[in-house]
Amino acid sequence: MSIMDFLLQQSPALIIAIPLLGAFLTPVISRISDKGRNLFVILILAFTAFLVFILAMHVFETGPMTYVFGSTQNVVSNNTVIRILFEVDALSAFMAIIGIIIAFAAAIYSWSFMDNETGLDKYYSLMLLMVVGMLGMVMTGDMFNFFVFLEITSIASCALIAFRTNKANAVAAGFKYIVISTIGALFVLMAIAILYGQYDALNIAKLAQSITFSFADKIALVLLVVALAMKGGIVPMHMWVADAYGRAPASISLILIAATQASLYGVFRVLFTLYGNVITMPSISLGWVMVILGLLTMLIGVIMALIQTDLKRLIAYGAVAELGYIFLAVGTGLTVLTTPENVANIAGYGFEAIKGGIFHIFNDILDIGLLFMVAGALYFATKESSLNKLGGLARNMKYTTVFFLIGLLAVSGIPPLNGFSSKLLIYESIFQLNPILSIIAILASIMLLAIFIKVFQSAFLGPALPQFSHVKEVPKSMLLAMGIVAALIVFIGLFPDLFVTNVVEPAANALINNQEYLQWLTGGI
Amino acid sequence: MLEEFIKTLLTGNGFWNPLVWILGFIVIFLVVYILRGYGNATYKKGTSQTQSFLSGNPEYEKQFMHVKASNLYWGWTNAMKWIIDILKKMHTGNVSDYVLWFVIVLGVLFIFVGLM
């Protein structure tokens, strides 16, 4: 067996084990050299990214990969799955790709951005733990493991949101986040207990085969969906997002977006895979619930963004609005899937909607991530985040201005950048469900454009302000991180079909076709 | 290989090819640029043409002329004041209220799914 084959075979475990080991080694290396520690974290994430890519390529080509911990012997005994396993299908691989890309960019960005802070050994350890939790959430095939990884992500995120302990707002944001996360996680645990009590199983595939949509199943479904939607920042449970994203260091806001999307992944996994066999029953119209929540999320997100004067809070509300598009699109797909007269359309606009939603997850993380990095760069250079105090910075920060423009155009869905491609898929498909949905979605996009133009005008344009005459462009590592994300935005924008065909479509297929996910159980490993 | 890159994205009922869009954009830009060349240059630097017109009032120092974020879209935000006021009341910043919204959504969905 070649090294590559070995790495591929063991990749699901290594993707978790390497950053986990790295997290505990980081404080040790930190004692030797600060630069060595920064480099070590970047290398750990680069190697994890390599593993994620080889695993993803394999999964996109050959279908889901199941990794059993301990032994592949006697996985199913007396009709019970007795081992912990990871199951990586195209959707999991898709989420892992975006998660690791953004974490890698965040680590490069942190090199200079966090340079003047203390406690960086803890910062990098927690960052790696956050990555472990996020990747674990999207790769596990076991509900209890999902809960554990959810908790790891939450605890690491909370500590990082409150990282600047000398700032009361950051500590308050961390407190709010841990309250919300703990309550969410407890309800997830309660739902898992209900399912375990009924079916004596924690394995997702096994549970999916067993669920009958009994009264207890309904309770578990609501608990899971609402708790994960809260962790995913869906309106009206989105209020923590502005606090957490707004107060965390920009490099952490970046990973928080991916962690939030991992919770949304949880909602989709629950609806389409765990309850996949019963969710298509015509009496269940959860799709419309998602559509309505998606609309509310979009509208409330943009209106709240409009009135913000703090740059990071404004971007955070913009991020909430973008989550609405994803929920709206996937909700449209689910509605089509569950409406008998529309079943023929699932191959048509229902699938296009889901494709658009999944594609938008990727684009949203990149676009909002880039905007957060720019906000961090402005804070780094000026020590100011209030839009009322910033101005004329395009003169001093030329590269950052260009990156902001790319982020602005991408997040507002302006062609030819990536946001337009996914939003076009969403607009067209939701139009066929109801034209009003499409009109509202386009309106929200126009509002987003107007809001970010306000930011551009107030922070970058205008006369040179004397208090910022000393401001210089940010260090190279921050520019490099922004450059990587901006390059991806432009690349996906210019070649959308390449990305959609090879990455998005397999993920969308995996979402609507849960039989592939359950295959290992019926077919054996 | 190149074909893979330049393929058009099919969106169900429509299509999208950014490369064609960029080509179109460049052509339109060139046409506009050429047309602009036919215009008469009447702009004179250093004259009153270059000064801001503030209803006859003198212009302040440049640094005081920056339009700040709160002053932008004043009319728009004023027109939406009714909904903004409602949303501001909703966003209290109090974590107990955040949990309350969670409980409300949970309750609504329990009823909704329970009736299925």
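A crossing of two helices is called left-handed if the near helix is turned anticlockwise from the far one by less than a right angle, and right-handed if clockwise. By that rule, α13(A) and α18(A) make a right-handed crossing. This is a predicted model: local features need pLDDT of at least 70, side-chain atom pairs count only at pLDDT 80 or more, and totals for chains, interfaces and linings use all residues. Residues are numbered from 1 along each chain as its sequence is written, while chains are lettered from A and ligands numbered from 1 in the order in which they are written.

Helices here are DSSP runs (H or I, at least four residues), numbered from the N terminus. The axes of α13(A) and α18(A) (residues 496-512) come within 9 Å and cross at roughly 115°; axes are lines fitted to C-alpha atoms over the stretch in contact, with angles from 0 to 180 degrees between N-to-C directions. On the α13(A) side, the contact uses F351(A), I354(A), K355(A), I358(A) and F359(A). Residues count as in contact if their C-beta atoms, placed from the backbone, lie within 7 Å. By class, this contact has 10 nonpolar, no polar and two charged residues. Nonpolar means Ala, Val, Leu, Ile, Met, Phe, Trp, Tyr, Cys and Pro; charged means Asp, Glu, Lys and Arg; the others, Gly among them, are polar.

## The core

A nonpolar core is a set of buried Ala, Val, Leu, Ile, Met, Phe, Trp, Tyr and Cys residues joined through C-beta atoms within 7 Å. Buried takes 20 or more other C-beta atoms within 10 Å of a residue's own. The largest such core holds 242 residues, and L370(A) and M373(A) are among those with the most contacts inside it. Helix α13 of chain A (residues 349-382) gives the most to this core, with 21 residues.

Leaving aside residues up to four places away in sequence, L370(A) touches F403(A), I406(A), G407(A), M482(A), V485(A), A486(A) and I489(A).

## Helix α6 against α9

Over in another pair, α6(A) (residues 168-199) and α9(A) (residues 239-247) pack at about 135°, with their axes 9 Å apart. That angle makes α6(A) oblique to α9(A), because oblique covers whatever is left after under 35 degrees (roughly parallel), over 145 (roughly antiparallel) and 65 to 115 (roughly perpendicular). The crossing of α6(A) past α9(A) is left-handed.

## Where the chains meet

The contact between the chains takes 43 residues from chain B and 50 from chain A. On the chain B side, α5(B) gives the most, with 12 residues. That side divides into 28 nonpolar, 11 polar and four charged residues.

Note on methods: A residue is buried if 20 or more other C-beta atoms lie within 10 Å of its own, exposed if 12 or fewer, and partly exposed in between; C-beta atoms are placed from the backbone. Helices (H or I, at least four residues) and strands (E, at least two) are DSSP runs, numbered from the N terminus. Two residues are in contact if their C-beta atoms, placed from the backbone, lie within 7 Å.
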